[in-house]
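Please look through the sequence and the model shown here before reading on. The explanation takes one kind of feature at a time.

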Amino acid sequence: MGARYRFVSPTAKRAQLENPPPLGCPDPDRASRQPLLPLDEQLEAVAFDGPSAQAAPAPIPERQASKLSPAQQLAQRRAAIADLDQRVRDVQPRLGLTVDRRFGKNELSSLTGTETAYGPATPAQLQQIQNKKNQKLISGSVTHWRFQAPQVRLTPEGWTAPRASFSNDPFTPAQVWVDMENVKSKQELDGTTVIESARNRLLLENKIPVPLPTTFRIKPTQEQEVENRWSLKNDNLDRDGLFVQYALPEVRLGSATVFSLKPQFMLQRAFEGSTNSYPAPRASAGSGTVSQSNTVGDLFGALALLEGSFGTGRFYARADVSSLSDQNLSNATRVVAEILEPLKLPFLGTPLARLFGAYRFRTWNGSLGEQDIYSAYGVSLEKQASLPTLGKLQSSYFWRAGVGNYQSNDFVSGNIESNNFADLWRANFYGTIRANLPIWSGKALPLSSEGAYRYSGVAVIPGLSFNFVPFLNLSAYGGGQSQNLVGISGGPVITLGHFNRPMFDYTRLSLFGSLAAKSGDSPFAFDRYVDTATLGVGLTQQLVGPLVLDGAVSYNVAGGSGYYGDVTNSYVELRWQRRAYEVGFYYSPYTGIGGIKFKLNDFGFRGPGLPFVPYEPSTGVVLGP
């Protein structure tokens, strides 16, 4: 005999939302099955509902501990998954959606994709840290989602569902999926899709829940980019550290032009009360930076982008302002603009014409590090195309010819940037051929969840190939100087293993060298070629399970250059790599760029697949954290 009294209001019970497998999937008695009562209600029924409820329950057999080792249990689980009919076929990897939060440098300091791809051969890791396409917070897309919901109601405004789940993983068990409750989706007048939910989370391996915003705005662009309004960034060079950025809604000017503006507030600058990013007021632009007390304008900045198309051409302009103070505005502004138009010319086909201009643009130059171009304007003509395949040899070419006026720092020895500006015209021609020769190629594992796609979103094929890149670089300057280069770079890439076993089953080693003959020297620091001989090595190595170490480094090995042994680029990343997602932490000691990267892989496939939401038939509720 006993009594119970609650001195507080009873806590509202969390509704157990169902998300059962769709009709037609194995679960024949779902409609007639009675769900179990929660534990507290079962206990009250036993205590207060009479003798029949108080009868001793039938003994529950004790669960016997498995006599199998963890390795044997894992092998048994993998075998059971391998026996499933996944109901998918023709699985093909695609680009995927990447969330990349970079720290350390301004967004205008990297090369374009074409310049990276057709420069001297280097390990792939060093190319990705230079490519400015990777500097967006969110880039790419997931084009093929699997969807599961107990009920979807279509309305003129959109659709609603009590619970909805999305997965980019074509296989079951899904390695990652999005779980949403009380979902409402509608479309705004500009075509933006807004998805709101009471609770939204990303589940990794059905073990680790990652809270997500309850509202998503998906813009109607080809890439289907998810719009991110607020972001916390870091820029030690121009903004003295941490700053907050807010993305205002884009403004359409006509049918083919978009203007976007992102105001910024300098958090670290406001906290410290001073800035160390600019020369003294009224000092020459090439002077070194000094410490100054903040004005109100120094606490605010902005990033503006204008892009669009006209006819067959397109244009692009980007302004990055790190201070609105009148005394620092000229040194706090960086601008890049270009107009691109394909032209039909005799003997040349359809090259791309480019009209460009830049103000305080930064670029990287090997052993010389980061260099400034104070101002530049000019025109260029370029073309890239594939060459006919010769046996197993695959190759493509790229050339660019241009002329422009440049105002930039003089070159001085000792890896010290000059404070003096040279103002000269520069004519340049650059041409290269990139060729790849497969020497040996193995076979991939079966394209299944426990085969080639156990740890990787791309099937790993063992093999050996050789890359070589001959190049020609000719430059003439208004002062009568010239710098002419002819060289070749390249090296072998070997891949071992299939990335399927628990340890050391995937190794990718690349070794690249570059050798160039040079006559003359550039008067500028931004294109002075001092790395006439370089050596680079890259290594991607599976450690344990999905844990991968990825890194690369390149050195100047030109003995008479005065920069022998200097690092020309470097990169290291520790990555947790799975079929459906990747999480990595990376850093480049050379550029000072580091960050955290999360990627959802994307797959094209045919077939409906199996239900991917873990489901308890006796209760009808979703299992998970």
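The model is predicted, and local features are described only where pLDDT is at least 70. Strand 17 and strand 18 make a hairpin with two residues between them. In the turn, G311 has a positive phi of about 60 degrees.

Next come the charged side chains. How many salt bridges does the structure hold? There are 21 salt bridges. One of them joins the side chains of R334 and D238, with N and O 2.8 Å apart. R334 belongs to strand 19 (residues 333–342), while D238 sits in the loop between strand 11 (230–235) and strand 12 (241–246), so the pair ties together parts that are 96 residues apart in sequence. Are these two residues buried or exposed? R334 counts as buried because its relative accessibility is 4%, and D238 is buried too, with a relative accessible area of 5%.

A further salt bridge is formed by D550 and R575, whose closest N and O atoms are 3.2 Å apart. This pair also links distant parts of the chain, with D550 in strand 28 (residues 547–556) and R575 in strand 29 (residues 567–577), 25 residues apart. Both residues of the pair are buried. R575 has another partner, E573, in a salt bridge with an N to O distance of 3.4 Å. E573 is buried, as is R575. Elsewhere, salt bridges link E338, R354, E382 and R400 in a network.

In soluble globular proteins, nonpolar side chains tend to be buried together. The largest nonpolar core of this model has 17 residues, and V176 and L600 are those with the most contacts inside it. Strand 5 (158–167), strand 6 (176–187), strand 8 (199–204) and strand 31 (593–606) are the elements that give two or more residues to this core. Leaving aside residues up to four places away in sequence, L600 touches G96, L97, V142, W145, N168, V176, A580 and Y581. A second core is separate and has eight residues, including I373, A376, L424 and F526.

L509, L511, L535, V537, L539, Y555, V557, Y564 and V567 make a nonpolar surface patch of about 730 Å². The elements that give it two or more residues are strand 26 (506–520) and strand 27 (533–544). Which strand gives the largest share of the patch? Strand 27 does, with three residues. V537 lies in strand 27, and its relative accessibility of 34% makes V537 count as partly exposed.

Notes:
Residues are numbered from 1 along each chain as its sequence is written. This is a predicted model: local features need pLDDT of at least 70, side-chain atom pairs count only at pLDDT 80 or more; totals for chains, interfaces and linings use all residues. Side-chain values use heavy atoms; hydrogens and water are left out. A salt bridge is a side-chain nitrogen of Lys or Arg within 4 Å of a carboxyl oxygen of Asp or Glu. Helices (H or I, at least four residues) and strands (E, at least two) are DSSP runs, numbered from the N terminus. Buried means under 20% relative accessible area, exposed over 50%, partly exposed in between (1.4 Å probe, protein chains only). Two strands pair if DSSP finds at least two bridges between them. Patches are made of residues with over 30% relative accessible area and no salt bridge: like charges are joined within 9 Å, nonpolar side chains (Val, Leu, Ile, Met, Phe, Trp, Tyr) within 5 Å. Accessible areas come from the Shrake-Rupley method with a 1.4 Å probe; for residues, only the protein chains shown count as cover. A nonpolar core is a set of buried Ala, Val, Leu, Ile, Met, Phe, Trp, Tyr and Cys residues joined through side-chain atoms within 4.5 Å. Contact means heavy atoms within 4.5 Å.
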